[in-house]
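Subject: Structure handover and notes

Dear colleague,

I am passing on the structure that you asked to look through, together with some notes on what was found in it. Please keep the view open beside this message while you read.

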Amino acid sequence: HDTRHTTHDSQRMHDAVIAVRKSELGRSLILPDGNEALPLPGGRFARVITRRDWRDDEKTPVTQQTPDETRDRTRRAPQDTMRRALHEESAVHDQRAEESSSGLAVIG
């Protein structure tokens, strides 16, 4: 099962973020540089660094976020011995296939 978002999902999430940023509350939390202010207890604020496509009000997502290997269960090495060995061998196979298709010499 692939946990990455489809283009449609990415666009839907992007549109939702833009809608929130354009709302009255959202506009009140946008800083002059386009980043966002996060209200904290005690009346303080934290600056939230905002993705460029949201900050610049892009019509479509520019930034694609994907989980790194430790957070993506489809890429993370399994914990049991047999599955871990299969995962490692599969990674070696994929790397060799990629190198072969790119014209690089396969050694080993």
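Predicted model: local features only at pLDDT ≥ 70, side-chain atom pairs only at ≥ 80, totals over all residues.

Residues are numbered from 1 along each chain as its sequence is written, and side-chain values use heavy atoms, with hydrogens and water left out.

The strand pair

Helices (H or I, at least four residues) and strands (E, at least two) are DSSP runs, numbered from the N terminus, and two strands pair if DSSP finds at least two bridges between them. Within this pair, Ala 37 stands opposite Arg 47 in β2. The hairpin of β1 and β2 has 5 residues between the strands, and Gly 42 takes a positive phi near 85° there.

Leu 38, which is found in strand β1, makes a nonpolar surface patch of about 210 Å² together with Leu 40 and Val 48. Such patches are made of residues with over 30% relative accessible area and no salt bridge, where nonpolar side chains (Val, Leu, Ile, Met, Phe, Trp, Tyr) are joined within 5 Å and like charges within 9 Å. Leu 38 counts as partly exposed because its relative accessibility is 44%, given that buried means under 20% relative accessible area, exposed over 50%, and partly exposed in between (1.4 Å probe, protein chains only).

Two arginines

Arg 47 has its place in strand β2, and its side chain makes a polar contact with the side chain of Asp 33 at 2.6 Å. A polar contact is a pair of N or O atoms within 3.5 Å; within protein, one must be able to donate a hydrogen and the other to accept it, and residues adjacent in sequence count only if both atoms are side-chain atoms. If neighbours within four places in sequence are left aside, Arg 47 is in contact (heavy atoms within 4.5 Å) with Leu 31, Asp 33, Asn 35 and Glu 36. Leu 31 lies 16 residues from Arg 47 along the chain, and their C-alpha atoms are separated by 8.3 Å.

Arg 51 is found in the loop between β2 and α3 (52-55), and it counts as buried because its relative accessibility is 16%. With neighbours within four places in sequence again left aside, Arg 51 is in contact with Pro 61, Thr 63 and Gln 65.

Salt bridges

How many salt bridges does a search of the whole structure find? The search finds 7, a salt bridge being a side-chain nitrogen of Lys or Arg within 4 Å of a carboxyl oxygen of Asp or Glu.

One of them joins Glu 36 to Arg 21, with the closest N and O atoms 2.5 Å apart. This pair links distant parts of the chain, since Glu 36 is in strand β1 and Arg 21 is in helix α1 (residues 7-22), 15 residues apart. Glu 36 counts as partly exposed at 22% relative accessibility, whereas Arg 21 counts as buried at 9%.

Arg 51 also forms a salt bridge with Asp 53, the closest N and O atoms being 2.9 Å apart, and Asp 53 counts as buried at 0% relative accessibility.

How values were computed
Areas by Shrake-Rupley, 256 points an atom, 1.4 Å probe, with all protein chains shown as cover.
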